[in-house]
Structure formats: structure tokens, C-alpha cells
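Let's take a friendly walk through a protein model together. Keep the sequence and the 3D view side by side as you read.

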Amino acid sequence: RRAEEALRQSEEKYRNIFKYASVGILQSTRDGHLITANATLARILGYEWVEELLRRNTTEHLWVDNDQRERLFALYESRGYASNVEVEWRKKDGSPIWVQINAHVMQSASGVTYIEGFVYDVTERKRAEESVLAAHAAGHTPNPCIECNRHLKFSRLSDRADVLGFVGAAEQWLRCADDEHPVARAVDRAQHLAVEREAVVG
């Protein structure tokens, strides 16, 4: 009886984690049929109800490029997991959304293989990266004090930098990029350099 109670509590704990997680969670068959998904994933993709999302097939309604999906399966399926893979999906209204996926292959007690994935919306960060790349390709950067190479790594603090303007730009970058992203690290380092420079000049 204690074992049954422990099992019940464990299942309830898992359900609560699944239901209230701040990250999108899904379970899907290899051919794209959604087995289950949580409310966060539905919200990320613009669906009001999870049940509505579950009626969609990921290959038909989520993936913008199904060939990319097949390439990723070919690359990661034998390994059994994929980490921090960024792909373009489609929301309910058809608008594009960039997501980062961490997924692994699972097997049910009956032997059925399925994929469990954790999905993060990284659209704003991707847009920020694309803006930097576009500006850099055009021969300038969004702020005159930020100089990046083509790998989005900070090169140097421009002699023409306006310190106060840079600080505002840095804060904007740090809001849209995670702490470990090279852009965020570069901007954070450059921000410190700008503050130090202001102290010296001032």
C-alpha cells in the first residue's frame, strides 16, 4: 500500500511539473503526431487550448521546413538526444517563431518509441542576432561603440563611442540574449569597459 501511495504521489508530482513548467513540453511520435503537450507550449505557439494544439500534426502545422526536420532526425536519432537545436516553427496564425529544442528519444512500457522535447521561444534573440549581422554586413553596427566580427564576438570598443548611448544599447542586448550567449557576454564585457572609460575621461 505504501508503494502504491508513493507511486501516486510521484505521478502527481510529474503532472504538476508538466502542467506548470515555464518551458514548453511535448511528446510526439516519429511521424509528428502529438501525444501530449503542456499549456506553456500551447501559449508559445498561439493556441488558446492544449486540446486544439494536440489536434495538429507537427510536420504539417509546426515545422516550416520538413526537410530540416528529417535532417535533424538523421543527425540525432541514433544518438538518442539533441541539445540546444534552434529551428523555425510556425504559430497558429501562420507567423514564424524561432524555438530552441532539447529532445530525447523515449520508450513506453509497451515498447512504443516517442520523442520528448523541451521548447523555448528564442525569437527575440534571433531577431537581435539577425539585426547585428545585417548591420555588420552593411559596414556598421547598431551602436557606434559596438564592433563585432562575423561570429558575433566583440572586437573592440570604438574610439567614437558615446558612453551613455552604449550603456542603453548594452542593456537592450542583455534583455534579449541569455547570459551565456556570445553577444550577451561580449556586450557585458564592453559595457564594463565603457563605464571604466567614462570614469577615466570624466
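## A buried glutamate in a strand

Glutamate 116 is found in strand β5, where strands (E, at least two residues) and helices (H or I, at least four residues) are DSSP runs, numbered from the N terminus. Is glutamate 116 buried or exposed? Its relative accessible area is 9%, so glutamate 116 is buried; buried means under 20% relative accessible area, exposed over 50%, and partly exposed in between, with a 1.4 Å probe and protein chains only. The side chain of glutamate 116 makes a polar contact of 2.8 Å with the side chain of glutamine 27. A polar contact is a pair of N or O atoms within 3.5 Å; within protein, one must be able to donate a hydrogen and the other to accept it, and residues adjacent in sequence count only if both atoms are side-chain atoms.

Please keep in mind that this is a predicted model, in which local features need pLDDT of at least 70 and side-chain atom pairs count only at pLDDT 80 or more, while totals for chains, interfaces and linings use all residues. Residues are numbered from 1 along each chain as its sequence is written, and side-chain values use heavy atoms, leaving out hydrogens and water.

## The protein as a whole

Now step back from the single residue. The protein has 8 helices and 7 strands. Of its 202 residues, 39% are buried. Its accessible surface comes to about 12600 Å², and 51% of that belongs to carbon and sulfur atoms; such areas come from the Shrake-Rupley method with a 1.4 Å probe, and for residues only the protein chains shown count as cover.

How does the chain meet itself? Take the contacts (heavy atoms within 4.5 Å) between residues at least 6 apart in sequence: 39% of them join residues at least 24 apart.

## A space inside

How many cavities of 30 Å³ or more are there? The count comes to 2. To find a cavity, a 1 Å grid is laid over the protein atoms alone, and a cavity is a set of points where a 1.4 Å probe fits but cannot get out; lining residues have an atom within 4 Å of a point. Grid points are joined across faces, edges and corners, and a volume is the space filled by probe spheres set on the points. The largest cavity has a volume of about 380 Å³.

The lining of the largest cavity has 22 residues, and Trp63, Phe73, Ile101, Ala103 and Ile115 lie nearest its centre. These lining residues divide into 14 nonpolar, 6 polar and 2 charged. Here Ala, Val, Leu, Ile, Met, Phe, Trp, Tyr, Cys and Pro count as nonpolar, Asp, Glu, Lys and Arg as charged, and the others, Gly among them, as polar. At least two lining residues come from each of β1 (24-28), α5 (66-76), β3, β4 (96-107) and β5 (113-121).

Valine 23 sits in the loop between α1 (2-20) and β1, and it is buried, at 13% relative accessibility. Valine 23 and aspartate 121 are 98 residues apart in sequence, yet their C-alpha atoms are 8.6 Å apart in space. Beyond its neighbours within four places in sequence, valine 23 is in contact with Asn38, Thr40, Phe118, Val119 and Tyr120.

Arginine 30 belongs to the loop between β1 and β2 (34-37). With a relative accessible area of 31%, arginine 30 is partly exposed. Its C-alpha atom is separated by 6.2 Å from that of tyrosine 114, 84 residues apart along the chain. Not counting residues up to four places away in sequence, arginine 30 touches Arg69, Glu70, Phe73, Glu77 and Ile115.

Glutamate 52 is in helix α3 (residues 50-54) and is buried, with a relative accessible area of 14%. Which side chain does glutamate 52 join through a polar contact of 2.7 Å? The partner is lysine 92. Leaving aside neighbours within four places in sequence, glutamate 52 is in contact with Tyr47 and Lys92.

Asparagine 84 lies in strand β3 (residues 81-90). Although asparagine 84 is not a glycine, it has a positive phi of about 55°. Asparagine 84 is partly exposed, with a relative accessible area of 48%.

Key
On a 1 Å grid over the protein atoms alone, a cavity is a set of points where a 1.4 Å probe fits but cannot get out, and a pocket is an open set with protein on both sides within 12 Å along at least five of seven lines; lining residues have an atom within 4 Å of a point.
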